[in-house]
Amino acid sequence: MNASHCLCHGILGNVESVISISNMLNNKIMNKSIKKYLYHEMLLHNNTLDWQTGFTNGKYCLNGLMLGSAGIGYGLLKTFWYNHIPSVLTLETVL
C-alpha cells in the first residue's frame, strides 16, 4: 500500500479527525490506541525521507502544511500533545 501521511488526504488527516471525535467522547482507550498506532508508524519511518507527502511518486519534495512535510510534523505534534496544539482541520482553538 502506498498511502501518504499528509494532512489533506493521508493518514495523519484521518488520525486528527479520530482524535477530535475521541476527545468529544472522552474515550481514553481510543486516544491510547491512536498514539500506539502512530508510534508504530514513527518506528517504521524513523528516517525522515520515508514519510510520504501528497506526491507519492518520489519526484517532488513538498514542505507545505496540507500536502507536505510541515503537515506531517504538525500531525505528529497534534497526536501526542492534542490538548496544547490547535487543530488546523477542525478549526478548534486551545484555551
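This is a predicted model: local features need pLDDT of at least 70, side-chain atom pairs count only at pLDDT 80 or more; totals for chains, interfaces and linings use all residues.
Colleague: What makes up the secondary structure of the chain?

Modeller: The chain has three helices and zero strands. Along the sequence the pattern reads α-α-α.

Colleague: Why is α1 called roughly antiparallel to α2?

Modeller: The axes of α1 (residues 11–25) and α2 (residues 28–44) cross at roughly 160°. Angles over 145 degrees count as roughly antiparallel, so α1 is roughly antiparallel to α2.

Colleague: What else describes how α1 passes α2?

Modeller: The crossing of α1 and α2 is left-handed, and their axes come within 9 Å.

Colleague: Which residues make the contact between α1 and α2?

Modeller: From α1 come Ile-11, Leu-12, Val-15, Val-18, Ile-19, Ser-22 and Asn-23. From α2 come Met-30, Asn-31, Ile-34, Tyr-37, Leu-38 and Glu-41. Contact here stands for heavy atoms within 4.5 Å.

Colleague: How do you know the class make-up of that contact?

Modeller: Ile, Leu, Val, Met and Tyr are among the residue types counted as nonpolar, and Glu is one of those counted as charged. On that basis the contact of α1 with α2 has nine nonpolar, three polar and one charged residues.

Colleague: How much of the chain counts as buried?

Modeller: With the cut-off set at under 20% relative accessible area, 34% of the 95 residues are buried. The chain exposes about 6,300 Å², and carbon and sulfur atoms supply 62% of that area.

Colleague: What share of the contacts with a separation of 6 or more joins residues 24 or more positions apart?

Modeller: Such residues account for 50% of those contacts in the chain.

Definitions and conventions:
Residues are numbered from 1 along each chain as its sequence is written. Side-chain values use heavy atoms; hydrogens and water are left out. Axes are lines fitted to C-alpha atoms, for helices over the stretch in contact, and angles run from 0 to 180 degrees between N-to-C directions. Helices (H or I, at least four residues) and strands (E, at least two) are DSSP runs, numbered from the N terminus. Angles under 35 degrees count as roughly parallel, over 145 as roughly antiparallel, 65 to 115 as roughly perpendicular and the rest as oblique. A crossing is left-handed if the near helix is turned anticlockwise from the far one by less than a right angle, and right-handed if clockwise. Buried means under 20% relative accessible area, exposed over 50%, partly exposed in between (1.4 Å probe, protein chains only). Accessible areas come from the Shrake-Rupley method with a 1.4 Å probe; for residues, only the protein chains shown count as cover.
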